[in-house]
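Good morning, and thank you for making time on the agenda.

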Amino acid sequence: MKDLEMVHGALRLAQINAGLKSDERALIVCDTDNIDIAKALAYAVKSIGAEYTIAIMEPRSTHGEDPTEAIAKAMLGVDVVFAPTKFSLSHSKARETANEHGVRFISMPDYTRDMMKGGALDADFLEIYKTVQNMKDRLTAANVIHITTKAGTDVTVHCEGRVGNEVSGVCRTPGTWGSPPNIEVNVSPIENLTQGVVVVDGSIPMPEIGVITEEVKLVIKDGKIAEFIGGKQAETFRQLLKIETNDANRVLAEFGMGLNDKGVLKGSMLEDEGAYGTCHFGFGHNADQGGENTAGVHIDCVYRNPDIEIDGEYVMKDGRLLI
């Protein structure tokens, strides 16, 4: 194994996040851009004594797009799927179906060699899991959430009857999925009720944008983006949403909170969305998160140091949890 520098992260993913056992089977789904990471994962799986198979495909065109039909079928015949792919399979139908069959799924979009060395992957996932469960319960019980930032975000979402979701990075029981190093909780707002202004001052973790360097302001009316305000990055985001082909892509579909205290904003989806002190809004598809919007994409916008009120009680001030 020549890529020994990546084995540290690969072993943590297999042992800590997936809880892989020696009598289990793993499928490593990669595309042509991530074969080296797939090999590091294979080395880790083999060192545990488990069986591995590597499946390689051409990169998808966006987050949430299904893998090839052959790979989707292969995902149903294993215990754990590791998916180091350019674009996330988290919101794909293939992932949902695999989970329904009891498969554990580790989504790894846009992974890099540096991520595999450690850093955010060195978070204490099992300890932070307690906070994840607490905040998930708070979101499940919530009716109204008000989010503001010093940069100008001021949004009210209604989520009565919606269920809080965990993306804890802990996938040790059948039918669970996660995207380590992302550690977050999220909820799908009632689609037509969200109102306000989103000022994206963190990142839009897509290869075409990354860390925000100029104004990106989104005016939200009746749950949808009504205006894109800003320069090149705002226009690129508008194009990536493909709103001309599917108006459902405009919907503010997710409110999420990052909880990984070792995460750093760098334009990487999994690290940015899970970084402690940040929150994000996802636009587009949320039917797999307890929502009712079926769309062709799901793209997140990360913002820094929010104040969050749940039913009139502050649970976060300036990016720091109060509970």
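Cys301 is buried, at a relative accessible area of 0%; buried means under 20% relative accessible area, exposed over 50%, and partly exposed in between, with a 1.4 Å probe and protein chains only. Please bear in mind that this is a predicted model, in which local features need pLDDT of at least 70 and side-chain atom pairs count only at pLDDT 80 or more, while totals for chains, interfaces and linings use all residues. Residues are numbered from 1 along each chain as its sequence is written, and side-chain values use heavy atoms, with hydrogens and water left out.

With a disulfide taken as a pair of cysteine sulfur atoms within 2.5 Å, the count comes to 0 disulfides.

Let me turn to the strands. Helices (H or I, at least four residues) and strands (E, at least two) are DSSP runs numbered from the N terminus. In strand 17, Cys301 is the bridge partner of Phe281. Strand 17, residues 298–304, is mostly covered, as 6 of its 7 residues are buried. Strand 17 pairs with strand 16 (residues 278–284) in the antiparallel sense over 7 bridges; two strands pair if DSSP finds at least two bridges between them.

Next, the core. A nonpolar core is a set of buried Ala, Val, Leu, Ile, Met, Phe, Trp, Tyr and Cys residues joined through side-chain atoms within 4.5 Å. The largest one has 77 residues, and Phe82, Ile145 and Phe255 have the most contacts inside it. Helix 2 (residues 35–48) supplies the largest share of this core, 8 residues. A second, separate core of 16 residues includes Ala55, Met57, Val78 and Ala98. Beyond its neighbours within four places in sequence, Phe255 is in contact (heavy atoms within 4.5 Å) with residues including Ile145, Val185, Cys279, Phe281 and Tyr303.

Grid points are joined across faces, edges and corners, and a volume is the space filled by probe spheres set on the points.

There is 1 cavity of 30 Å³ or more, and the largest cavity holds about 140 Å³ of space. It is lined by 18 residues, the closest to its centre being Ser90, His91, Trp177, Glu273 and Asp300. Strand 9 (184–187), helix 8 (269–274) and strand 17 each give two or more residues to that lining, and helix 8 gives the most, with 3 residues.

The largest pocket holds about 290 Å³. Of its 16 lining residues, Arg95, Asn165, Glu166, Gly175 and Trp177 lie nearest its centre. Strand 7 provides the largest share of this lining, 3 residues.

Gly277 is buried, at 7% relative accessible area.

Key: 1 Å grid on protein atoms, 1.4 Å probe; cavity = no way out; pocket = protein on both sides within 12 Å on 5 of 7 lines; lining within 4 Å.
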